[in-house]
Amino acid sequence: MTRERPAHKGAGRKIRILIVDDSPTLRAVIGAVLRRAGDFEIVGEAADPLQAREAIKALNPDAITLDLEMPHMSGLDFLERLMRLRPMPVVVVSSWTQASADLTVDALALGAFECVAKPQAGNVLTALEKLPDILRAAVRSSHSISLAEGHACSAGSEFRPSDRIVAIGASTGGVESLISVISAMPENCPPTIITQHIPGTFSSSFARRMDQNSRATVQEGYEGAPLVPGRIYLAPASLDCHMGIEGSSSLKCKLIHAPPVSGHRPSVDVMFKSASAYGQRMVGVILTGMGKDGADGLLEIRKAGGTTIGQDEATSVVYGMPKAAWQIGAVEKQMPLSAISGEILERCAETGVQ
């Protein structure tokens, strides 16, 4: 563990970061990326969770970057204890292996703010270029989701789906938020497609995690996947493509191989714009996330006669995407995370509000 002189307190002080990784090389790379951003101070480094525990006590950082595969104690065990005893913003910087992908999704479900894939080759500084923005957002939000009061519908067998389709977009903070929404859905839930900004290697693990927490069947989307009740499809970031909808009476998933949109592939905007062709059959939902991906597409759904729902500021980890959609009039109804599943079911029920 190394220490540096603490920054002066005050309005202009830098964001204090502790880097936790057993690789000296990765610690140096992360440090270089953050120092280059200009508004960060690396107050310490730790090679394992035991060192990290002592460093947090001594240095009181604003946030930490955390590797998950380290000696003496797994990063996941460390994170669970940290979130229980001393919650603070944590950004996971994880390897691209499948084992690490599974651990990373577990970490996000435990309360890590976001995940960033470790660079494997090429320009390593470019590979981590989003890390400063993610850490800034983590510190601003302090990663405290308040599940404000809502009235979620029962996910019981009384739900009878109409012909409506649900499209949900999310980014930073979306892992926990999506699990919250999906876990409240019944076995015969409305056909649902999801675009979540997540590194490609982690998307299959995230689909499995959602499936484990859902009465319905959740899997990565594939070309021609049937949009029928009880099926939920996650845009396959692992295939580096967008996902949309095609068909007439019988709808199905369409994989779209096109350049990034709004800086993302898969993009929420692409999904929503594809879905807007189905007008009143669509229910578009935009959840927590950085940036404005999805705002324009959600507006197209609303203009086409579909229903649009946005997560409110109080329960968003980052009120970026929902705010952008709200500001341009794309969101018909804004509400807390805990009420969104109930609203979706009400709008999609055979005898519900149409």
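Which are the buried residues of α8? Hold that thought for a moment, everyone, while I cover the ground rules.

What we have here is a predicted model, where local features need pLDDT of at least 70, side-chain atom pairs count only at pLDDT 80 or more, and totals for chains, interfaces and linings use all residues. Residues are numbered from 1 along each chain as its sequence is written, and side-chain values use heavy atoms, with hydrogens and water left out.

Back to the opening question. The buried residues of α8 are Gly200, Thr201, Phe202, Ser203, Ser204, Ser205, Phe206, Ala207, Arg209 and Met210. Buried here means under 20% relative accessible area, with exposed over 50% and partly exposed in between, using a 1.4 Å probe and protein chains only. That is 10 of the 13 residues in helix α8, which spans 200-212, so the helix is described as mostly covered. As for the labels, helices (H or I, at least four residues) and strands (E, at least two) are DSSP runs, numbered from the N terminus.

Next, a helix pair. Helix α1 (residues 24-37) packs against helix α6 (residues 131-141) at about 75 degrees, and their axes are 9 Å apart. The two are therefore roughly perpendicular, a label for angles of 65 to 115 degrees; under 35 is roughly parallel, over 145 roughly antiparallel, and the rest oblique. The axes are lines fitted to C-alpha atoms, for helices over the stretch in contact, and angles run from 0 to 180 degrees between N-to-C directions. From α1, Ile30, Val33, Leu34 and Ala37 meet Leu131, Pro132, Leu135 and Arg136 of α6, where contact means heavy atoms within 4.5 Å.

On to the strands. Strands β11 (residues 242-247) and β12 (residues 251-256) run antiparallel and are joined by 6 bridges; pairing requires at least two DSSP bridges. A hairpin of 3 residues links β11 to β12, and Ile245 has Cys253 in β12 as its bridge partner.

Let me finish with two single residues. Thr308 sits in strand β14, residues 307-311, and counts as buried because its relative accessible area is 0%. A polar atom of the Thr308 side chain lies 2.8 Å from the backbone nitrogen of Glu332. Beyond four places in sequence, Thr308 also touches several other residues, including Gly284, Leu298 and Ile301.

Gly44, in strand β3 (residues 40-46), is buried too, at 1% relative accessibility. Its C-alpha lies 9.6 Å from that of Ile64, which is 20 residues away in sequence.

How values were computed. Polar contact = N/O pair within 3.5 Å; in protein donor to acceptor, adjacent residues only side chain to side chain.
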